[in-house]
4 protein chains.
Amino acid sequence: MRAVTFRGTHQVAVDEIPEPTILEGADAVVRVQRAAICGSDLHLYHGTIPGILPGMTIGHEFVGTVESVGSQVQYLKSGDRVVGTFHIGCGGCPACRRGDFHQCSQGGVLGYGIAFGNLAGSQADFVRIPHADINLRIIPPSLDWDRALFCGDILTTAFGAVKNAGVQPGETVAVIGCGPVGLMVVISALVQGAGRVVAIDRLTERTKRAESLGAVPLSSEEKNPISAINQLTQGEGADVVIEAVGGSKTLEMAFQLVRGGGRISAIGVTAEDTLAYPLMSSLTKDITFRIGVANIHRDIDETLALVTYGRIDPTVIISHHLPLSRAPEGYRLFAERQAQKVLLALD
Amino acid sequence: MRAVTFRGTHQVAVDEIPEPTILEGADAVVRVQRAAICGSDLHLYHGTIPGILPGMTIGHEFVGTVESVGSQVQYLKSGDRVVGTFHIGCGGCPACRRGDFHQCSQGGVLGYGIAFGNLAGSQADFVRIPHADINLRIIPPSLDWDRALFCGDILTTAFGAVKNAGVQPGETVAVIGCGPVGLMVVISALVQGAGRVVAIDRLTERTKRAESLGAVPLSSEEKNPISAINQLTQGEGADVVIEAVGGSKTLEMAFQLVRGGGRISAIGVTAEDTLAYPLMSSLTKDITFRIGVANIHRDIDETLALVTYGRIDPTVIISHHLPLSRAPEGYRLFAERQAQKVLLALD
Amino acid sequence: MRAVTFRGTHQVAVDEIPEPTILEGADAVVRVQRAAICGSDLHLYHGTIPGILPGMTIGHEFVGTVESVGSQVQYLKSGDRVVGTFHIGCGGCPACRRGDFHQCSQGGVLGYGIAFGNLAGSQADFVRIPHADINLRIIPPSLDWDRALFCGDILTTAFGAVKNAGVQPGETVAVIGCGPVGLMVVISALVQGAGRVVAIDRLTERTKRAESLGAVPLSSEEKNPISAINQLTQGEGADVVIEAVGGSKTLEMAFQLVRGGGRISAIGVTAEDTLAYPLMSSLTKDITFRIGVANIHRDIDETLALVTYGRIDPTVIISHHLPLSRAPEGYRLFAERQAQKVLLALD
Amino acid sequence: MRAVTFRGTHQVAVDEIPEPTILEGADAVVRVQRAAICGSDLHLYHGTIPGILPGMTIGHEFVGTVESVGSQVQYLKSGDRVVGTFHIGCGGCPACRRGDFHQCSQGGVLGYGIAFGNLAGSQADFVRIPHADINLRIIPPSLDWDRALFCGDILTTAFGAVKNAGVQPGETVAVIGCGPVGLMVVISALVQGAGRVVAIDRLTERTKRAESLGAVPLSSEEKNPISAINQLTQGEGADVVIEAVGGSKTLEMAFQLVRGGGRISAIGVTAEDTLAYPLMSSLTKDITFRIGVANIHRDIDETLALVTYGRIDPTVIISHHLPLSRAPEGYRLFAERQAQKVLLALD
């Protein structure tokens with residue numbers, strides 16, 4: 001079968017490799033219909049993720065059709081249309097038992113190397129999914145592939161970050177970064193009841209995309225975000241700040257944008273080991289800060305329902321539909337910021 | 001000044017009466033700019049509320065400008081634009097202390113007779129508001145009178161009923177009744193994250209109004225609501241049912257529409273003392289049932305924010321703008337169901 | 001093997017019957033170490049549950065050791081010490097997927113007849129448990145059989161009813177009924193932060209047992225509960241009322257004890273089809289009412305932890321330890337109210 | 001009247017100064033019956049709080065009797081027994097309106113210098129309280145002075161930090177530091193449903209005090225806390241960590257003790273501007289971190305109820321009862337760690 005494999009920094013290829021088979025009773029093999037290139041795949045592309053060996057199949061955003069199931073699979077059968085969660089939980093360890101599937105002691109991330117469970121990725125004609133009953137969700141009949149795809153990672157990641165911030169109806173949410181994740185935050189915050197979402201980015205062009213989704217645009221090349229937020233909130237600050245970039249500067253900005261008693265939820269994947277946390281000012285202001293990978297399993301049923309009923313349309317971020325054979329071009333365009341979101345079609 | 005007064009069953013008049021004055025230090029007198037006729041004013045109009053004496057000023061939905069304040073008022077001053085809560089809390093009794101302003105032991109409802117605090121109503125040029133710091137909210141500068149008005153009762157009543165049901169993102173909410181309250185429920189449920197709102201009414205025409213606000217219309221003259229909800233939910237039932245009519249038949253229907261483990265929130269003002277509660281089936285299904293007058297103070301800051309930022313437009317239900325002098329006509333049209341919502345302008 | 005079987009109204013026997021075997025891949029067979037007679041077993045004993053056929057094995061409170069598992073069982077193995085949930089969920093239907101295991105469309109109750117899944121009961125040397133991964137929990141090593149047993153039904157049922165009422169720290173909880181369930185409510189409400197629990201029963205002797213567990217005793221043969229609660233709460237009423245009897249009179253009392261804005265959670269199994277619900281007064285008072293069978297799966301991890309760490313000791317209600325052979329005597333004593341809680345030992 | 005005044009680093013005196021009077025209509029003057037020396041008074045004593053001028057009256061933990069009220073006070077009258085909140089809110093600014101009294105733009109802290117509102121302290125015969133209706137709570141008749149006193153700061157501060165961490169029933173809470181605040185955390189976590197509280201301190205003697213209140217003692221001079229918590233939790237880590245010391249080392253320890261998906265609530269007053277926040281590991285582990293001064297107004301009704309009903313006895317931490325005249329000795333003993341908690345009696 002065809003598979004997108006890592007060859008080295010900034011090199012991916014479409015290779016012919018053997019099809020996966022059922023290895024454990026709880027496995028399923030899925031025939032992939034659509035795969036997407038995730039922002040976190042770029043880290044891997046840039047060679048900054050240790051443990052990605054040349055030849056590994058990559059990718060973790062996908063939808064497809066169940067091809068075969070192991071003897072222990074109870075709730076899925078061949079032919080089911082499914083969306084996969086990007087991280088894999090076992091369902092039985094203490095973390096999974098309490099619902100923290102993203103903290104699974106046995107789990108990992110599809111196509112993310114030996115430090116993340118050594119699992120083959122999903123940018124391929126077929127992918128093996130361990131603990132299939134846990135890590136695949138059936139797609140409602142009326143939901144198409146493209147819309148369903150985003151529930152397995154990017155949309156639900158953004159949606160979960162907003163939930164983690166406990167947005168109350170009418171609150172002002174500032175989102176830093178208007179890349180694809182930031183745009184999903186805009187959508188998610190509005191559907192969760194935010195009064196307004198202020199979308200901040202350096203580039204005016206990117207804030208305009210957020211504006212078209214209902215946000216108040218705030219371009220930092222035009223205005224100072226801190227004074228702009230202060231003005232919008234009569235000096236109070238934002239109730240909630242979602243950081244969707246991942247750098248120390250934008251994290252620092254989050255602490256300056258948030259009001260006393262407010263909450264910061266950081267979703268950007270950072271490369272830095274530590275942050276100079278503003279301890280004293282946070283003590284005075286009573287700030288809640290949360291950074292963490294998403295727990296897709298917790299929220300995917302909600303995002304699937306919202307997408308199915310048309311409350312959310314995550315496909316607005318798609319800039320490129322490419323056949324699998326052109327995956328290397330997709331990676332290049334995405335890395336060069338010429339693409340906003342690349343979908344790979346396998347059918 | 002002019003005031004709409006109760007004369008007897010189906011008789012209201014616009015009378016000239018003395019202006020109210022500050023009686024207690026915590027009072028404010030408000031110059032009314034807009035008043036509305038509430039569905040619960042119709043009960044009074046129909047003569048079914050005991051303790052409404054002829055000559056009483058009626059009405060409890062209003063916005064206006066603070067004219068004068070008593071010596072104990074701390075947070076308001078003459079000239080402030082305000083919206084009033086329809087029910088009056090004292091701020092100091094045990095119920096108010098725990099935030100249950102609608103359960104205030106000293107409180108009442110404006111213009112609702114001697115059983116509800118014997119307070120003059122707000123369909124008048126001026127209205128006296130006890131405990132003004134508690135019962136008036138400043139209107140944000142960018143918010144116009146019409147939009148603000150609804151936050152003091154009908155919108156926040158509907159919004160609160162949805163909150164009482166604890167709607168989770170993506171859930172299916174059925175609302176029974178597409179009158180003005182039902183339409184406010186549609187808006188409120190969507191902004192609180194409902195996946196879809198199914199709006200049920202006998203009249204197709206009324207369900208169409210709900211549809212224009214984003215609901216799935218369900219006319220009971222066209223389809224059986226129970227089988228229709230079953231079909232929409234693959235036999236599960238609605239996660240949440242909001243009853244916005246007030247009759248025993250619609251309450252019974254609510255129990256048939258709701259899924260096991262679901263919640264019913266009843267908002268329709270009922271005339272019946274008791275309901276034949278389906279005890280055994282609720283025991284099996286684990287149903288939560290809540291009926292209660294709204295606690296406006298709890299939610300009004302949220303609705304004001306949502307309306308200010310344009311997330312909600314409650315004015316969609318207005319069918320008639322009339323000058324105060326035509327209030328009797330407004331009551332008649334509303335009672336005859338020729339009007340959906342009547343606003344009275346006093347300026 | 002030995003099994004307690006139903007013979008007819010007020011007749012149970014210990015019979016010799018064949019051992020159960022694995023029928024489905026997800027099954028486990030458990031060697032029972034302790035079983036208890038539940039209050040709801042008395043309904044069956046009194047012949048009021050339709051669909052209990054003579055010869056059926058009864059009982060649903062148990063702990064034991066996994067004897068064998070089917071090929072699809074993933075998280076349990078032979079030798080594991082387990083406690084069973086009294087109701088059986090499939091894990092895959094929409095209700096189970098959203099966590100409402102007590103609403104499972106495929107499920108049932110062990111030993112409760114053909115209307116409840118036609119499952120053999122657990123008052124036997126062995127019991128077959130369908131969907132074992134879902135319906136059995138491993139007992140922490142430091143927890144003994146007797147303490148663990150109660151987590152599968154009576155304690156968690158009471159604990160869940162208290163959770164359903166959303167008790168806030170410091171609140172006043174009234175519990176009606178000081179039988180074994182009522183006593184578990186006392187313990188549960190205190191551990192969940194209640195300020196005080198007022199335990200109401202007709203018999204002074206029973207309220208004394210509640211008092212020994214930390215409750216304020218209130219015997220209705222000594223005082224009128226309504227005036228007593230009013231006095232204790234300065235006329236406010238109880239924040240929360242838990243009804244643990246199951247009759248219409250005690251349900252009516254609950255509405256009279258609860259404060260405006262308060263919550264009633266009914267846990268007593270009722271025989272009546274409908275209740276004359278006080279609709280008008282509830283509308284004014286804004287009352288939340290919930291009646292429902294427990295969702296053990298939702299709360300059992302919490303009760304197991306609390307019992308393991310010694311925060312709760314449910315064994316205080318045990319009045320009789322009997323060998324399985326004396327089960328008929330246990331049923332008789334319990335039915336005659338000479339026993340408070342009967343444990344059957346099988347080892 | 002007598003007042004404890006700041007004279008310079010490590011110097012306080014009992015001076016004779018004029019009695020306070022009503023300055024604003026919302027003021028009350030309270031005759032102080034008991035005052036306590038708070039841990040944060042030691043910062044001031046050590047001279048590390050800028051803006052404490054020589055001659056200022058200090059102290060902010062107190063109970064007393066209302067002596068006189070201004071013309072705008074609505075809910076208090078002379079003779080009322082009251083406990084004061086250590087921080088002062090105005091009740092009208094946006095922060096107070098949303099319930100964040102600790103973020104009041106007009107507020108301050110009693111006796112904490114010009115950077116905190118320049119308010120005279122409460123270690124004096126009389127203290128003036130601005131916005132008295134907001135910042136004083138009536139003490140229930142059955143509650144004595146000593147027990148009530150702690151609700152105005154130390155107990156409610158600890159209780160609020162536990163609430164901020166969202167402890168679920170049965171969870172394992174680790175508290176770092178067994179000083180008076182740490183002991184209040186132990187009590188608060190247990191009453192809020194913690195399964196167990198592991199109390200960590202360098203000194204075995206201090207962990208024994210925590211043990212006597214129900215905690216699992218963990219002396220870091222005897223065991224490594226990280227490996228001990230790992231052992232107690234089978235390698236998972238604590239669900240919640242409450243940091244009650246205030247140093248960077250104990251904050252770092254908190255991140256090592258907490259499980260994936262867990263929550264850290266920091267309550268120790270720190271002297272450091274920034275913390276080297278473990279960003280990358282927190283991203284992987286999904287950690288929530290909150291540090292902030294307490295919002296007493298949010299929680300004081302709950303702590304007052306719990307203390308009144310005997311669920312909590314905060315007086316267990318009192319080591320010294322001294323007359324006001326011996327306040328200087330009290331400060332010295334506390335600073336030298338010879339006293340655990342000093343109460344000053346003024347009657």
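This is a predicted model: local features need pLDDT of at least 70, side-chain atom pairs count only at pLDDT 80 or more; totals for chains, interfaces and linings use all residues.
How far apart do the C-alpha centres of domain 1 of chain A and domain 2 of chain A lie? They are 27 Å apart.

Residues are numbered from 1 along each chain as its sequence is written, chains are lettered from A and ligands numbered from 1 in the order in which they are written, and side-chain values use heavy atoms, with hydrogens and water left out.

Back to chain A. Domain 1 covers 2–153 + 295–345 and domain 2 covers 156–291, with bounds from an automatic or database domain assignment. Their contact (heavy atoms within 4.5 Å) takes 21 residues from domain 1 of chain A and 16 residues from domain 2 of chain A. Together the two domains bury about 1,500 Å², 60% of it on carbon and sulfur atoms; buried area is the accessible area (1.4 Å probe) that two parts lose on being put together, summed over both. On the domain 1 side, A:Arg298, A:Ile317 and A:Gln340 lose the most area, together 30% of what that side buries.

Now compare chains D and B. Here 14 residues from chain D meet 14 residues from chain B, and the buried area is about 1,100 Å², with carbon and sulfur atoms giving 36%. D:Gln72, D:Tyr75 and D:Arg97 supply 51% of the area that chain D buries against chain B, more than any other three residues.

Next, the sheet. Two strands pair if DSSP finds at least two bridges between them. Within chain C, β13 (residues 238–243) and β14 (residues 258–266) pair in the parallel sense over five bridges, and C:Ala238 has C:Val258 as its bridge partner in β14(C).

Last, two helices (DSSP H or I runs of at least four residues). α5 (residues 154–164) and α11 (residues 296–308) of chain C pack at about 110 degrees, with axes 9 Å apart. Axes are lines fitted to C-alpha atoms, for helices over the stretch in contact, and angles run from 0 to 180 degrees between N-to-C directions.
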